[in-house]
Structure formats: structure tokens, C-alpha cells
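Visitor: Please take one part of this model and look at it closely. Then set out what can be said about the rest of it.

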Amino acid sequence: MSDPVLTVAVVGHTNTGKTSLMRTLMRDAGFGEISDHPATTRHVEGAAVLANGRKVMALYDTPGLEDSIGLLEHLDGLASGRRADGIELVKQFLDSPQAESDFAQEAKALRQVLVSDVALYVIDARDRVLGKHRDELEILGRCATPIVPVLNFTAFDDAKVSLWREHLSRANMHAVAEFDTVVFDEVCEQRLYEKMRTLLDAHEATINSLIEDRRRQRAALIKASADLVSDLLIDAAAYAMFVLMGESSQAEAALERLRNDVCAREQRCVDQLLELHRFSSGDCDSEAIPIEDGKWGLDLFAPEALKQFGIKAGGGAATGAAIGFVVEMMTAGASLGALTAIGAAIGGVIGAGRSHGRRLMRRAQGETELRIDDATVRLLATRQIMLIRALLRRGHAAQQPLSMPQPRRWNLPKVSAPKLPLTLQQARNRLTWSRIASAGSARHRPFEPARQEALSSLAKRVGEIIQRPADAAIQFP
Amino acid sequence: MSRRPEISPARGSGAPVVFADRLLTESVRALEQDGAAAIDEPQAEASAIESGGGFEQRLVARAGALTMAGELRASLRRVDRTAATVVAVLMLLALAAGAGAARAALADQPVNVFWALGGLLGIQTLLLFAWVVLMVNRPAGLMGVSLGGVALALGRRLAGRWHKGAVNAAAIHATAGVFSRGPIGRWTVGSISHGLWGAFNAACLLLIVLMLSAQHYRFVWETTILSADTYTHLTQTLAWAPGKLGFPTPSPQQIADSEGALAPDTTEATRHAWSGLLVGSLVIYGMAPRFLLLGLCLYRLRRAKSRWRLDTSQPGYLRLQARLMPPSASLGIVDDDRAARSMPPATVMSTSAPSAQRDVGPPAVLGLEIGTPPATWPPPVDAVSWNDLGFVDDRNDRRRVLDELEASTTQPQIMVIVTALTTTPDRGISAFVKQVQIAAGCLVGLLLTGGQALRVRGEAQQLRSRVEDWRALAAGAGVPDQRVVEVDLDHLTQTSLVKLADLVGAPPQSPAPRRVEAAFDLILDHYRHWPASPTVKEQAQLHRAIGALYRAEHDAWRTFLRAPVDLTGDVAAPLRAGAQRVTSLLPPRLRVDARWMACGALAGALGCVAAATLLSPVAIAGLPMWTAIGAAVATATRAVKSVDTEAADGETTDSAVRGNALRAAALFALLLELQGRDEVAITRILDQVIAEDAAIDVDALDAARRWLDDVRHRLDLALAKEAPL
């Protein structure tokens, strides 16, 4: 367990996203300072990357190399008349007064490169390959430290990735990594570590343990997220409210309560997801499908919400103004009674499946079950899955609030509502599974093994959907 | 039963984590999950971090250090006692049942041996096989139907009844969760099942031995359809194992003697032999397997408990990971910013005293790190012939330009350095600007191009801060603010041309008169004569008429729309580009509105048509581009239309077409009127002019007039806020 700690210097031209790369590799959105201005970082700041609680890598953020052309000229001036190899000249420069004045930033970065095992040279892939970049590479090349060029901002349309690759290979750098610090991609991160591994034999074990740790972390994160969503879905699907047929005011109040309870439960899930992914609620905001201040902008029961996610309201509920609910009755054709007062609005769906003794009894006493419909359950699922996918792809350097992907990219197939998965159909008949508690609903029991089983199998399903490729259709189930 | 967890009160850090600690951690998770809120105790987290080790160990340490821990431990003990009580009660019931079964088996005289054995061993043997099958197959959920499973469920319910409150509920949740799932659940259920059956058999055996000791029983076997041989074989097979263990067993003769109710009372030896078989079978086939399996289950349960690890991927645990086991830690600032303090103040060049004894020549221009030359190079200014110094990229270029400037016999009237806004200003550039200033010995102006490229990348905010950065660089290099201008050479507008002329000191041009009122009148006039749903051609006529009003600036707005000179050949691409050009100018809030995107695209595409047909009047009706316009509009709206095509499709009513045509024409007129301003200004003004009136129905002529009046009014207000051209 005494693998040596890998020391890494993060260098590059000014404003290419060195601190962003640090943040993303550290999973810490609070490190350093990021802005769109040049020379935001003016000192060398270190951070330890831990795997399983153990320090495996020390990253050092450095000030940007701003005047490489001037510095190279200066270095060449030092060389004139004498024969000296690159690293000697660099050391000579670092001892000279210019290293404290004109080229202070560059000197700091170079000092750090000299004491590091490897340097990550961060490139804004949207830039053209300019003379100053060539000179930067030239200077770094003289430091006798392995260099891994990292192409940042590759997710932009005007990124010139192939151009950069071509140029870097001309400069004899073939282990180039692509890594967008704003749009996170775990595969890219792994490749970056692999590129570092190819250059650093001595640290192979360290890097392997880091890769393995990050992979495990991510798998755990996906599983935990799927668990949270499944928990929400079971709570929502099993939640039912009993209302007396004769009392219209009571029915209306129950409808309102049900609506509020389910919304509050969804909000809790969103909060938990944000906490789990280490994002604050301020990180979320968007024009398309907004999460604002950590809340969904569009009410769960707004008719547009279904449309936005390509879900067709199914069954009898589609006809009503009070969309998103179903009423379960004892027999077909029974009078809706006072419920019709809410609106001839609510469509009736005949309750099927196993009924428990208490439920039968309550029904026999003239009570009716009120609950959210299948389409709304599916909407709940789809929204959370979208959120998780967006969170998973969000780099910790992203400064703009989280925005959901544009609807057109979701590629939703327009099919009529499929059935809910078996586990949720099961939950429909187990009122005690719902942990949403409110007056008039069934009481939740602290632990039910069957609920646990259902949750596990549902979570597996949700986990698969979460991990579908970025452009795949998201349709629940 | 070894279900009692040994709860260690307080563990020193580094002590091995035992089952009870993990159970406590599980109950903390249950409490946080079911309870109102997560427990936030920094001191517990601190002690967890201090304890070190893996994530699980830290979770356990945190749970142990919580102030709740004592209460939870007590509650866990209560739950455990309840479970023990339930098992004890069931044990008593099993003993009673065993005694009852024994009484029933020996109730009749004479005792039918096989009937009695079947009664005592039959069902439990079947259940034993069922258990084995369950253990091999492990079907989910069926565990609950076994005797042990029922006991667990009963214990859970009773515990829930007896111990109320959130803490107790959490303890029950955790205990039940642990003991009813996975290997622990399997072996717990097995232990209880076998324990109960073992008790049943023990009681049964004891009573039978007692009854056999104290009473006289006659043993027979009977059959109606089977042969006597079958019974002889059966008896001998059954008796084999008890016989090996030393139980007396009946010989073939004794078996034969005991057939039927009619058989005479047998000898003592025969009775002993049959008693031996009965007791031996109970021991071998009833009690022994149960006790052996009980031992196995208890052993495996113990092992399962010591092997059990927390599932740290549970959301309740994983959310703590960032705090208990962060993925990174700051190492602090290693190299303090010493230099910043000792940095010499930026030397400001004196611009008022050019070192000039040379004659003043034409203005010079160079492109610094702008790569591909802009569409218009050198920047077009009326009556100015540039001294073009070319493009500067690397060290050699810099040297060349400086040499050229120094060697020149004339001093440029002004030295314009063109840089791209996509470039971040840096000290290298700053140094070069200073050098150029010295070498040229004249005023230096900074021309920032490529604003549109940066705008496409991000938001307006970024552009503004980038311009400020460049101004800061210019100030550092001694270039005054008024000689830093933002002119996108790829998208030259009237304003930018004015700015350019201003920079190089060329005479300014007079601003063009206002024609938007005339344009709006034209729109209303056409609107009045349009049918319910105007065709694209009719709309194109209107656009050309509006374009004609701005004939003087035709070149400028044609370039602005990037319209083709004529409409022959492939027109789809230029029309789409024109559509895109206009939609990209819309403020962000309208860019998510399918209707306005459609209007913008329509205005752009029809504007291109107008631009191309204005000077060389062709019969618009004869042009083959109508599908291209439809495609351009569709492309633009697809971005917003989402999955919900029904809403947009449903909007192709006549009034919607008329309304969109009106909006598009108004937009086009506004764009032409605003020519001469840069894109940011145009977007800014449009944002103020187009109100949140997407829902207003402009179908009726009056409503259309009111809407246009409103737009014009807002335009006046917006223009008043803008700086004069």
C-alpha cells in the first residue's frame, strides 16, 4: 500500500481551463477561482486526489504561461555563446532576476513542472494553433518532464481537435487526452489517466488504483441514484387517499392533499439527488426543462409536463381537467357521486387486482380510493432519470446553471403509454408500501421485505436506463 | 438462538468493526431515511475522519459517535429482547405441539407402528425437503412462508406494536432489514425453523419414552392391499440405521408376528423391538437431522454475520461520502504570489510624444493572431489605402513587422492592430503592442474582431467581459480607450464602418433617414389585401417592397443577410443561412419560442429573396425556391419544437399563417431600420421592442394595426435609450 504519490503539474496558456481541470479531477467545485479573464490563478496551488481515503496524486494548479514568445527569446538569449542543454537553461532562467519580475508567472509554472512527475498541458481546443502555443510546447519540452496535452472544451462546435492532434504529434506528443471540463465524461477521464500511465511506468499501480476507485465511485453513484428514484416511484405508486363518496368538499381537499404530498415527495427526491451528486440547488436552472432553485419549474400535474416528456396521458384520466389522478371504485358503473362535482373531469378507472381486507372494508363503507395515474408515475420517473443523467454529465467546473438537454435531443419515441413495470403494478396494491403519510392514507409499516425486493428490482431497471448512451431514447419503463 | 448482538458500548478507534456496530449504523441510516431529516453532527463526522480506514469503517465510526447512538443501542437491545421473547414463546409452543403429537400417536391400542411414525415424521420430513429445495433455489420472497420466516414477520409486527417512536422504528427497520435478507436472513430463518422442529422432536421423544416406560403398548401393522413382504422390507430398511446405533429392532419373525389387529399379544422381546424402532426412528429421522442442521445454520449464521458488510452504495450512506471520505483535499498555496508585490508598475507609454521626425504616411494595419483572414481585409474604409503589414502569428512574424516599421521612411498616420475577441489577452500580446507602438512611433488603435464567433460560443456576458479585458490590456500598453473599437470584420455593419472611419480619421457619413413608419404602412396595406392565409409568394412581394424602401443601403443589408446575388442554382443553403442569421439575432427568450423562431426564419429567408431580386427584378412567382423557404423555416423551428409537434402542427391554421407573416414582415422592417448597429445592439433593441405578447391575436386588421403601433412605440423608447449613431 505504499505506492508513491504521483505529482502532477497542470500547465497551459492563460484562460484555457487549468483550474477547471483541477476541479473536475478533484470533484470539488470550490477549488481555486475560475473566471473568463486571463491570469485568474496567480499562484501555484496544490490539491491531493484521494482514492479510498488514501492520497494517490498531488495536483498542482499553476499560473498561465502568457508570454511564451518573450520567454523563449529570453532563454535563447541566455544560451547565446555557450552550449547548454534545455533544462540547464531553464534552471539558469529560474535563478535569474527575470524569473522574479517579467516572467514571474511562467517561472512559477516551470518550477512546478520541474519537480513534478508529469505535466498536463491544458489546451483550449477552440483556439487555433498559434506561435505562442508552439513556443510553450518548446519551453515545456526543455523541462525534461513527461507531458500529456489535454484538449479542453472539446464539446464546443468550433473545437479544432484534429488540428491540434496533428500539430501535437508533429511536436512528438502522441499521448493526447480529450477532456471537457464542463461536459463531464467518465470515459474521457479514464483515458486521461491511461495516457498518464503510458508515460509513467513507476506509477502504474497508483494510477490503476485511481482508475479503479473512480469507476467504483461512479457505479455506486448510479446505483444510489437509481435507488432514490425507485423509492420515490414506489412511494408515489402505492400512495392512495380514501375519500367518502358523498362529501364533495372532502374529495376536493383530498385531491389537493394528494397533489401536494406527491409534489413534496418528488422535491425530496430532487434534493437528495442533488446532495448525492454534490451539487447545490443554485447550480440548477434552465430554459427548457427548468430546475430552478432546485425545483422543477413545471408542476408535476400541469398537462404540459406530460407532453414535454413525450408521455401520453393514458386511460380515463386523459379526459379530465384534474389530470394526473385516477379514482378506483368498487364496481363498474357505480356513481361517481360527489366526485363529479370536482369536474366531470376525472375519468374513472376500475380498480383491479388484489384487495386487502382493510381496503375492501373501507370500500364497503362507501369510500373511494384516489391516487395518481400511471402517466404521472411515468412522468415522475422520466424527470428524475433525466435529472440524474444531466447531473452525471456535469463537470464540477461548469459555471452555468444546470440545464436539461434540449428536448429534440431526447429522441422520444411517440408510443402510447406502455404499462408500468411489474414492481410498480404490485406497489399499486400495497398501500402500506408508501412512506408518504397523510391524513386519510394507509399507514406505512417500517420495514417490508417485499417492498425491499421490489425496490431492488426496480432500481436495477432504472439503473439500466440511466446508463443508456447519451443520445439514446429515455422512455420509462 | 444466537440472535443477540453483542453490543460494544464504546469502541476505541482502530478496534475491529463487529456486527453490532454495523447494525447500529444501519439503524442510523433507517432513522435518517424514515425520519424527518438527516442528522448533521460535525463532531461525529470529525471523529469518523479521524478514525480513518475505509468508507464503511468511517460510517460505523460516525454512527457510534452520534449523540443518538446510546438511545439507538438501547432500542436495538429492546428489539432484540422482543425477538428473543417471540422465539421463546414459539419454542414453548413447539414443545407443546411435540408432546401433543406424541400423545396422539400413541392414543389408540394397539399402536399401528407405521401410522404413528407417519404422523410424527411425515410432515416435518416433507418440510425438511422443502427447506433444502429453498436453500438450493433461493427464490425471492418465498422465504417468508417458512416457519422461520413467519416467526420473523411475527417478531417484526409485535416489536412494532410494543415499541413506538422514531428511534424504535428505526431499530426495527434495521434489524428486520438485516435479518430477513441475504445469507444472514437465510440462515436465521433456517436456525429458527430447525430450532423449533428440534424442540418439537425433543418433546415428542421425551413423552414417547415416558409413555412407553409407564404404559403397556401392543404394536401392530396392518394392510389391506399390500403384501406382507413389503412391510417386512420397509421395516427392515427403516430399522437399518437405528439398528446400527444399537436400538433394538424387530427381526423378520417378529415382524411377521405383529401383522394385523388379530395378532396375539406379542412377547416382551417383540414389544421392545418395536419400541426400539419407534424411538430410534424418531431420533435418527426426526431429531438428529434437525439438530445437525440447527448446528449448521447457527454456524453459517455466525459466519454470515461476521462476513456481512454495509452496502455503502445505499443513498443514505453515499451522500456522506463527500464529507467522510472526500475524493480530494487541498494542499494549499505552495508558491505564494511574491512576484505580484515586486512586479514593476506597467510602464505607460507616452502617446502624445511620438518620436517622429518622419513624414506621415497612410494608416498601417496588421492582424495579430487572427489566423484565417477576415472576409474583408484590409478593413474597408472609404478613401483610405492601407499600409498592410499582414498577419502576425509567431516570433518571426513579430520580428518582421517590427523591422518593417522601424525601417519605414514614413510614420503611419495610425497603426491599427486587429485582434480576435476569441483570443484571451495575455502579457505576450501586451508586450508586442508596446513594441509595435515604439517601432511605429505613432498612435496605435486596437480593432477587436470576431465578436460573433465568441457570441455563438457563450453568452453576451462573456463578450462584454472579454472586451473589458482587451481594454485593460490596451490601457496597460498605453492605448487610450477611444482607440479600442469592437468591429466584427466578418459582419460589417453601417455602424462598424462609421467606427472604422472614425478610428482612422476618415470623414464620418451622415446617418440615414428613418423609414420604419413607411414600412409598417406597407405591411398593413398588404395585410388588408391578403387572403385568409397568404402564400409565401405574397409574403415575398411584401418583403421586396420593404427592401425597396431601404434600397440605398442594399449592399449593407444584403451582406448582413449573406444573401446570394441571384437566385439560381441551389438556393436551399443560402436561404437557410439567411434564416439562421435572423434567428440568431433574436433575444434568448424568443429563441425558445417556436413561433418567433419560425417568424425569424421566415423573415431571414424572405429577406434573402428580397435582397436577391431587388436590383434585378424578376417575377417572384417564377422563382423555384418555395420549398427551400419551407425547409429553412422548419430547420429553425425544429430546434425549439421538441417532441411536442402536435402543438406546432396544430397551429397551421389560417390565422396563424397570417399572424406569422405579419410578424415576420415587421421583424424584417425592424432589421433594415436597425442596420448600422452591431449585432448586440440589434438583439438588445429587439428584446425591448418585441413584448411578451405571443398570445395576442393579430388576426383582425385592427388588432394588427394596434400591434404594429405598439411595436413602433416600443422602438422609439428603445432607440431613445441607445447612444446616437
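**A helix pair in chain B**

Guide: H8(B) and H11(B) run roughly antiparallel to each other (angles over 145 degrees count as roughly antiparallel, under 35 as roughly parallel, 65 to 115 as roughly perpendicular and the rest as oblique). Helix H8 of chain B covers residues 182-214 and helix H11 of chain B covers residues 268-307; their axes come within 8 Å and cross at roughly 155°. Axes here are lines fitted to C-alpha atoms, for helices over the stretch in contact, with angles from 0 to 180 degrees between N-to-C directions. The crossing of H8(B) past H11(B) is left-handed (the near helix is turned anticlockwise from the far one by less than a right angle; clockwise would be right-handed). The contact of H8(B) with H11(B) is made up of 22 nonpolar, 9 polar and 3 charged residues. Nonpolar means Ala, Val, Leu, Ile, Met, Phe, Trp, Tyr, Cys and Pro, charged means Asp, Glu, Lys and Arg, and the others, Gly among them, are polar.

This is a predicted model, in which local features need pLDDT of at least 70 and side-chain atom pairs count only at pLDDT 80 or more, while totals for chains, interfaces and linings use all residues. Residues are numbered from 1 along each chain as its sequence is written, and chains are lettered from A and ligands numbered from 1 in the order in which they are written.

Elsewhere in chain B, Thr82(B) sits in helix H4, residues 69-105. Thr82(B) counts as buried because 21 C-beta neighbours lie inside 10 Å (buried takes 20 or more other C-beta atoms within 10 Å, exposed 12 or fewer, partly exposed in between, with C-beta atoms placed from the backbone). Beyond four places in sequence, the contacts of Thr82(B) are Gly155(B), Leu158(B), Ala159(B) and Trp162(B) (contact: C-beta atoms, placed from the backbone, within 7 Å). From Thr82(B) to His163(B) the C-alpha distance is 9.4 Å, across 81 residues of sequence.

Chain B as a whole has 30 helices and 10 strands (DSSP runs numbered from the N terminus: H or I of at least four residues, E of at least two). Of its 725 residues, 42% are buried. Among chain B contacts with a separation of 6 or more, 80% join residues 24 or more positions apart.

Chain A holds 15 helices and 12 strands, and 50% of its 477 residues are buried. For chain A, 75% of the contacts between residues at least 6 apart join residues at least 24 apart. Two non-glycine residues of chain A can be picked out for positive phi. Asn52(A) has a phi of about 55° and lies in the loop between strand E2 (44-51) and strand E3 (54-61); with 17 C-beta neighbours inside 10 Å, Asn52(A) is partly exposed. Ala144(A) also has a positive phi of about 55°, in the loop between helix H5 (131-141) and strand E5 (147-152). With 12 other C-beta atoms within 10 Å, Ala144(A) is exposed.

The chain A mean is 75, and 70% of residues reach 70 or more. In chain A, pLDDT stays under 50 over residues 284-290, which have 25 contacts beyond four places in sequence in the model. Residues 403-416 of chain A likewise stay under 50, with 31 such contacts.

Methods
pLDDT = per-residue confidence, 0-100. Contact = placed C-beta atoms within 7 Å.
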